[in-house]
Amino acid sequence: MMKKKSIPASKPSLMLFLCQIVSALDVPLDSKLLEELSQPPTITQQSPKDYIVDPRENIVIQCEAKGKPPPSFSWTRNGTHFDIDKDAQVTMKPNSGTLVINIMNGGKAEAYEGVYQCTARNERGAAISNNIVIRPSRSPLWTKEKLEPNHVREGDSLVLHCRPPVGLPPPIIFWMDNAFQRLPQSERVSQGLNGDLYFSNVQPEDTREDYICYARFNHTQTIQQKQPISVKVVSMDSLNDTIAANLSDTDIYGAKPVTERQPVLLTPTGSTSTKVELRGNVLLLECIAAGLPTPVIRWTKEGGELPANRTFFENFKKTLKIIDVSEADSGNYKCTARNVLGSVHHVISVTVKAAPYWITAPRNLVLSPGEDGTLICRANGNPKPSISWLANGVPIAIAPEDPSRKVDGDTIIFSHVQERSSAVYQCNASNEYGYLLANAFVNVLAEPPRILTPANKLYQVIADSPALLDCAYFGSPKPEIEWFKGAKGSILRGNEYIFHDNGTLEIPVAQKDSTGTYTCVARNELGKIQNEVHLEIKDPTMIIKQPEYTVVQRYSQVSFECIIKHDSTLLPTVVWLKDNDELPDDERFLVGKDNLTIMNVTDKDDGTYTCVVNTTLDSVSASAVLTVVARPNPPFDLELTGQLERSIDLSWTPGDENNSPITNFVIEYEDGLHEPGVWHYQTEVPGTQTTVQLKLSPYVNYSFRVIAVNKIGRSQPSEPSQQYLTKSANPDENPANVQGIGSEPDNLVITWESLTGFQSNGPGLQYKVSWRQKDVDDEWTSVIVANVSKYIVSGTPTFVPYEIKVQALNDLGYAPEPSEVIGHSGEDLPMVAPGNVQVHVINSTLAKVHWDPVPLKTVRGHLQGYKVYYWKVQSLSRRSRRHVEKKILTFRGNKTFGMLPGLEPYSSYKLNVRVVNGKGEGPASPDKVFKTPEGVPSSPSFLKITNPTLDSLTLEWGSPTHPNGVLTSYILKFQPINNTHELGPLVEIRIPANESTLILKNLNYSTRYKFYFNAQTSVGSGSQITEEAVTIMDEAMASRQVDIATQGWFIGLMCAVALLILILLIVCFIRRNKGGKYPVKEKEDAHADPEIQPMKEDDGTFGEYRLFSFVSSAPF
């Protein structure tokens, strides 16, 4: 695969360089080239400028450098040569300038304090290190002092001074007690930047004897402890008791109570102060105030805003912290301490100074003989730093002269350099806050061209992508680079190519025709060299079926597809990611060739799934989001508020909706007093609502629960709310479905639906049952019954109307006045039969019956209708009696007529009529006789055709099962049927009704006939029955055919024909397989047997076959 070796100058280079250049040459980091090229020393590693060492360990002062030839090292100490050979405690590491001072074997760190500088030198120049100041760390003990206890009045301020010993570096301060527990700090009590502990006001709980200041010296890993400080807070109550004990009764005494005080600054003091900080450091400003109540600190910057993103408040806003300060942060910062009694402020004037910092640091310069170049050293600071130059570690003013060199302030100009101009130059930028030192060499080289890219290197690139062909080179003077394609190709030019300064050839959009061999040629005045590389273009990898956004329910299965297309010479690998990370280590995730399947999906599977396809040349990906939905989690934190007698407010917190918005909440209630454990629907609200006012009923011990609903389903119910028992009250409603129906002729049964315990509204539920006879009684008769649902009134007249009402009551009173209903006492059987029954016969199967209604008083109940009983007495055609089967028709309501369908023709019937009420049927009316007229008969019971001859057939039949009148005759129709099932002329014969057989003569032999047969009355013809039959064929012909079929020669002939046909089929199959054709049809026609031809041409006439056949057909 191709690798980038260089890109345009506007972007960072991917190549490592031995040095940076200003002019034309750079030296690649090529090991073989570096072994051959001379190079001045370069410092690669050194100790920090301010180097604090542990006095108990060996001192290691680092100095590493590189160069060609390898440099030698020397040191100065406090400005003079440091001869390490004369000090047995000091050694220098091999092939290095690093010093090791042996302290652990008797050396004293203090003896080696000083300023050290390292010099690395070879024949091309000398590089120097920074001035390294070596100082041993110090952690001195606390000076002993006598600490007096602090007695402080409650509410006063207090400062406990730490005053730690001066160490190197300064210690970290913290306050603890004897149990090594950090003392709690707050807005009232806090530690200042100087380590002191400040009390804005003291409280009785501040009394203790173990306020201990600790100093931790990190460099030596030691902790020093100050002697404990005692604080005694004197409260006003105890002070008054003390004064009272020492004064007489006549003295006026009493300390003033704790008084509030306005803020006073404890630090800093005064109204203004100044602060100097260096650029890039952290600015810390502090204000701590006394006062009661405890003051609150606020910070502002006069004439500006505090810098965003760099400002932080610490120590309960008593410390303002600004990181990475710059000159723009200079100004006046105001802290204001405020409480309810007033405020105080302090202004800190901040000046930001700056140690030197680089604007342009000098960079190494590699030149060819005769070339020009410059070294530039530009720095800034506050105050502005001074610039000085050194050559090989010596001030340039006293260094050996070089005619090619000219110093112009912060710039050294080189003109027409020679190899002897090689040297290392140092730039020093310094002001009162520090210095910067930079080494930059000038290396003058004369080298013929070299190509560092391996020969015949193969580059593989995806089509339509950039192709970068390397030609890493070196030479001095800088070589010119040319590119060619193919063995005899011309020099490459044009817009389709980009030529980079480092020799790389770029083809911005490589196509298939870009494949081939490319030649790079490098030349300068000292020589010429060339190198070949090869380019192959591959098809891009594509995802042709991408994973798609999917929404699934929890515990289901989901699959993502990722079908790819790629270059056949590249081996792709497919990796699936979840949220740009590896898939979970879970056996539910199944990665197939073209898909990812997740079994038993859970909520944690929610996220973005990415299919990443990698080859050695390219990478493509496609993502899809999986949203796992489920029923909502149950609501929680149910709370009841606004409790009233008939309403209450319920609020809740929704549970997780599980990626499917909650559409509504269902509120249910439990009545713990009457139906514990049973939950009832109360109401429901939209999914955006989390509070509802619920209507309540009296005398109910309510608990509520909430169920969340989304498109997937209902959540589990929430935990029940707290219980709420409503007060008792009169019933709000009366029983429903009040009825009055007698069960006996002399009673009235009053029933109703009892109220539930929920509806009772209080204890002692009863019912007041009232009744009176309608339009007869003026006064109500009433009785109070227990919590039942029925009351029976006895001794009533039969079936009379009553006005009835049932009223609920409990221990607190009655329900509203109930509405009245009408009931009736018990029914008795009707007393009278309907009169004037008349029958009108409409046709042979239908009759209409009429009757007069009975008087309503005789019904003695609710009139339900009339019943007509009717039955067939006998058939008029047969005069035979049979079992009487009565039929009943009921006509609802006060109807006085009805239709009697389904009667049998030509029959005698009887009927009677009875009135019906809720108790039963009344007496029957006298039987009424009526007759039905004749109708058409049913089909004959059977039709048989027997005794077929050459020209006759015998027909037998049975009379109709239901003649429905007097038979007058039978009608026979028949017609022949030819071989094509066509019907011939129809012949009709009328037969007397008393006949049951018939012989048909003069028929054609061997002919099929179809017969149609039906009976007739005076009304008309009945349904017909059909049959088919065939006359037999001629006996001589039948005998001849039988003889032929039984002859041996005929059987042999048939076998020969069969064998011949088999042979022909085999030959045809063989010739067909050889591509030939065989005229089978023609052969078969030529060899057709005349014996198997039809005996008579099928001309549509009826053949005279002698063979007899009989076919029976069901009647229609």
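In this predicted model, the torsion about the S-S bond of Cys471 and Cys520 is about -60 degrees, so the disulfide is left-handed. Cys471 lies in the loop between β40 (467–469) and β41 (473–476), while Cys520 belongs to strand β45 (residues 516–524), so the bond ties together parts that are 49 residues apart in sequence. The two sulfur atoms of Cys471 and Cys520 are 1.8 Å apart, and both of these cysteines are buried.

## Disulfides

The structure holds six disulfides, and when the bonded cysteines of the protein chain are numbered in sequence order, their pairing reads 1-2, 3-4, 5-6, 7-8, 9-10, 11-12. Three of these disulfides, including the one described above, are set out here.

| Disulfide | S to S distance | S-S torsion |
|---|---|---|
| Cys287 to Cys335 | 1.8 Å | about -65 degrees |
| Cys377 to Cys427 | 1.7 Å | about -65 degrees |
| Cys471 to Cys520 | 1.8 Å | about -60 degrees |

For the pair Cys287 and Cys335, the torsion of about -65 degrees makes the disulfide left-handed. Cys287 sits in the loop between β22 (283–286) and β23 (288–292), whereas Cys335 is part of strand β27 (residues 331–339), so this pair connects parts of the chain that lie 48 residues apart in sequence. Cys287 has a relative accessibility of 0% and therefore counts as buried; Cys335, with a relative accessible area of 1%, is buried as well.

The disulfide between Cys377 and Cys427 is also left-handed, since the torsion about its S-S bond is about -65 degrees. Here Cys377 is placed in the loop between β30 (373–376) and β31 (378–382) and Cys427 in strand β36 (residues 423–431), so the parts tied together are 50 residues apart in sequence. Both Cys377 and Cys427 are buried.

## Backbone geometry in the loops

Most residues other than glycine have a negative phi, and most peptide bonds are trans.

The peptide bond from Lys68 to Pro69 is cis, with omega near 0 degrees, and Pro69 is found in the loop that runs between β4 (63–68) and β5 (72–77). A cis peptide bond also leads from Thr267 to Pro268, where omega is near -5 degrees; Pro268 is located in the loop between β20 (261–267) and β21 (272–278).

Two asparagines have a positive phi. Asn456, which is not a glycine, has a phi of about 55 degrees and belongs to the loop between β38 (447–451) and β39 (457–462). Asn658 likewise has a positive phi, near 55 degrees, and is found in the loop between β58 (647–653) and β59. Which of the terms buried, partly exposed or exposed applies to Asn456, and which to Asn658? At 48% relative accessibility Asn456 counts as partly exposed, whereas Asn658, at 5% relative accessibility, counts as buried.

Strands of a sheet pair through backbone hydrogen bonds, either parallel or antiparallel. Within this sheet, strand β59 (residues 664–671) and strand β62 (residues 701–709) run antiparallel and are joined by eight bridges; Phe665, for instance, has Ala708 in β62 as its bridge partner.

## Confidence of the model

The mean pLDDT of the protein chain is 88, and 89% of its residues reach 70 or more. Over residues 1–24, however, the pLDDT is below 50, and this stretch has 62 contacts in the model beyond near neighbours in sequence. The pLDDT also stays under 50 over residues 1037–1042, for which the model has four contacts beyond four places in sequence.

Methods: Residues numbered from 1 in each chain as written. Predicted model: local features only at pLDDT ≥ 70, side-chain atom pairs only at ≥ 80, totals over all residues. Heavy atoms only, no water. Pairing = 2+ DSSP bridges. Helix = DSSP H or I, 4+ residues; strand = E, 2+ residues; numbered from the N terminus. Buried < 20%, exposed > 50% of the residue type's maximum accessible area, 1.4 Å probe, protein only. pLDDT = per-residue confidence, 0-100. Contact = heavy atoms within 4.5 Å. Disulfide = S-S within 2.5 Å.
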